[in-house]
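Q: I have a model open and want to learn how to read its features one by one. Where do we start?

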Amino acid sequence: MEAQPPKPRVGLLALTLELYETLAPQLRTGREKWLRDALLPALEPIADVRFQQAVYRREEIDAAVAELERDGAHALLVVCLTYSPSQLALPALSRTRLPIVVWNTQELYAVDETFDGSKMTANHGVHGTQDLCNVLLRSGVRFEYVTSHLNDADALAGLEDVLVAAAAAGRLRRARLGLLGYPFPGMGDLGLDTTHLAATLGCHWRMLAVEDFNQRAASAGGEEVAHLVAEYRQTYDLAGDLAQEDLEQTARAELALRRMVADHKLDALSYQFLALGEDERTETIPFVGISRLMAEGIGFGGEGDLIGAAGTWLLGRVRGPATFSEIFTIDFAGNALLISHMGECNPAMARTDRKIPLVARPTPIARIRGRQLALAVSLQAGPATLFALTLGPGGRWRLVASRVEVADFGPLPSMAVPHSKVNIFSGDVREWLTAYAKAGGPHHNALCFGDATARLRLVARLLDADFREVSLR
């Protein structure tokens with residue numbers, strides 16, 4: 001299982017000036033050589049960069065951006081190798097749906113007594129970036145801007161954050177979401193106008209049929225099922241009361257869900273357990289299957305929550321791995337929150353000192369034919385970020401985030417569902433919950449390890465969304 005997201009796929013647009021083709025014919029060749037010899041190798045650890053050649057005419061810039069879009073770039077990195085007139089690039093940058101990052105950098109590190117005209121000519125892209133960003137701002141084109149040099153101590157740290165955020169925003173606009181069943185009746189915070197979703201975030205969504213899920217589960221081959229059951233037995237700590245049929249039903253449900261994800265090319269999905277229970281052919285709820293898919297980067301939201309599914313997926317792209325979560329209970333005595341759900345949690349984030357318990361829920365949550373197995377995941381302790389994608393006033397998207405600490409807690413033998421505790425960094429849990437509610441935080445959220453707030457703030461800017469950090473510091 002893959003827990004970490006792939007490197008962002010970035011298209012590099014390198015700009016020069018046509019005048020230099022006659023005044024300094026070797027300048028572009030020299031600047032391209034520096035880009036290939038120094039910049040591209042430096043970027044390789046943090047991004048999958050696509051680059052062909054430097055361009056200086058409008059038609060070449062248009063063609064270069066279009067080619068990077070066709071090549072599947074998630075974001076556009078613009079570098080001025082020399083000064084470049086902004087109006088040549090503006091049309092292409094105004095049209096593109098790719099998030100734009102302008103990197104202000106150069107080969108020269110110091111201006112000292114050895115400085116001369118040739119060095120100035122080879123290192124004067126900065127005012128090209130200023131020209132470009134001015135017209136982008138005037139034209140209402142969103143962009144991010146980073147100034148750094150390869151000799152800096154943290155040369156690429158800030159740029160990496162921006163590229164990851166830009167790629168996440170870019171991929172969100174192409175994300176494919178699936179809804180198996182229908183949203184839980186009356187849950188308002190996951191209410192969604194799908195036309196608004198497509199028009200703003202750009203996400204594509206499709207309805208998935210419970211009948212299709214059950215037909216796929218029924219047709220799952222014996223060899224595939226046996227292989228998956230053997231994997232369960234080897235990987236997890238199986239409860240003593242689990243029968244072979246319990247494991248086979250769970251495997252068939254996982255295989256059905258996997259095939260739906262693959263056939264529909266889904267990035268994230270949500271199912272509604274009530275809808276599954278309304279079909280008498282349903283053997284079990286795919287708790288184990290969706291948990292394992294989250295470990296491979298698929299986003300999830302419970303109860304038919306497409307927004308929550310997109311949010312979990314987005315957090316995984318920003319700083320994976322990520323898991324769907326929900327605040328279930330307040331630990332007033334410990335100044336903490338218990339997060340849990342019916343049976344869904346990313347096993348790639350489980351504590352590493354023991355096997356994950358695979359158990360059966362004692363009480364069914366829907367009318368199904370078999371038992372309902374779940375991975376009782378308790379998360380690895382350490383710093384984390386709690387995050388939610390939601391809608392705010394006026395239908396404006398909002399990203400709500402908070403730095404928290406996963407406690408050393410669980411798994412409890414009495415709990416047949418995923419469960420973990422998160423501590424509030426500072427202040428009182430009462431104040432935190434008040435701040436989260438006033439920020440519009442929904443009851444479905446997601447969690448990742450580490451501090452993702454800086455990257456999420458960048459994503460919000462690139463999406464033209466609000467950002468609210470819940471912090472008591």
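Q: Which residue is the bridge partner of Ser340 in E18?
A: Keep in mind that this is a predicted model. In E18, Ser340 has His419 as its bridge partner. The bridge belongs to a longer pairing. Strand E13 (residues 336-340) runs antiparallel to E18 over 5 bridges.

Q: With which other strand does E18 pair, and in what sense?
A: Strand E17 (residues 397-406) also pairs with E18 in the antiparallel sense, over 3 bridges. Val406 stands opposite Val422 of E18 there.

Q: How many residues of E18 are buried?
A: In general, side chains of a regular strand alternate between the two faces of the sheet. Now the case here. Strand E18 (residues 419-424) is mostly covered, with 5 of its 6 residues buried.

Q: In what order do the strands of the open sheet run?
A: The order is E2-E1-E3-E4-E5, an open sheet of 5 strands with parallel pairing. Strand E2 (48-50) and strand E5 (144-147) are the edges, and each pairs on one side only. From one strand to the next, the twist averages 30 degrees.

Q: How many bridges join E1 to E2?
A: E1 and E2 run parallel and are joined by 3 bridges. One example is Gly11, whose bridge partner in E2 is Arg50.

Q: Which residues of helix H4 are buried, and what covers them?
A: Take the list first, then its surroundings. In helix H4 (residues 86-95), the buried residues are Ser86, Ala89, Leu90, Pro91, Ala92 and Leu93. Their cover includes strands E1 (9-15), E3 (75-80) and E4 (100-104). It also includes helices H3 (58-70) and H6 (126-138).

Q: How do I describe two packed helices?
A: Two packed helices are described by the angle between their axes and the distance between those axes. Apply that here. H3 and H4 pack at about 25 degrees, with axes 8 Å apart. H3 is therefore roughly parallel to H4, as angles under 35 degrees count as such. The crossing of H3 past H4 is right-handed. On the H3 side, Arg58, Ile61, Asp62 and Val65 make the contact. On the H4 side, Leu88, Ala89, Pro91, Ala92 and Arg95 do.

Q: Is Val288 buried or exposed?
A: Val288 has a relative accessible area of 1%. Buried means under 20%, so Val288 is buried. Val288 sits in helix H13 (residues 287-294). Beyond residues up to four places away in sequence, Val288 touches Tyr232, Thr250, Glu254, Leu358, Leu373, Ala374 and Leu375. Val288 and Cys345 are 57 residues apart in sequence, yet 8.7 Å apart from C-alpha to C-alpha.

Q: Which residues have the most contacts inside the largest nonpolar core?
A: Leu77 and Leu399 do, in a core of 60 residues. A second, separate core has 37 residues, including Leu247, Ala251, Ala350 and Val400.

Q: What is Leu399 in contact with, apart from its neighbours within four places in sequence?
A: Leu399 contacts Leu314, Phe387, Ala388, Leu389, Leu456 and Val459, among others. The list also includes Ala460, Ala465, Asp466, Phe467 and Arg468.

How values were computed: Residues numbered from 1 in each chain as written. Predicted model: local features only at pLDDT ≥ 70, side-chain atom pairs only at ≥ 80, totals over all residues. Heavy atoms only, no water. Core = buried A, V, L, I, M, F, W, Y, C linked by side-chain atoms within 4.5 Å. Buried < 20%, exposed > 50% of the residue type's maximum accessible area, 1.4 Å probe, protein only. Contact = heavy atoms within 4.5 Å. Helix = DSSP H or I, 4+ residues; strand = E, 2+ residues; numbered from the N terminus. Pairing = 2+ DSSP bridges. Axes fitted to C-alpha atoms, helices over the stretch in contact; angles between N-to-C directions. Parallel < 35°, antiparallel > 145°, perpendicular 65-115°, else oblique. Left-handed = near helix turned anticlockwise from the far one by under 90°.
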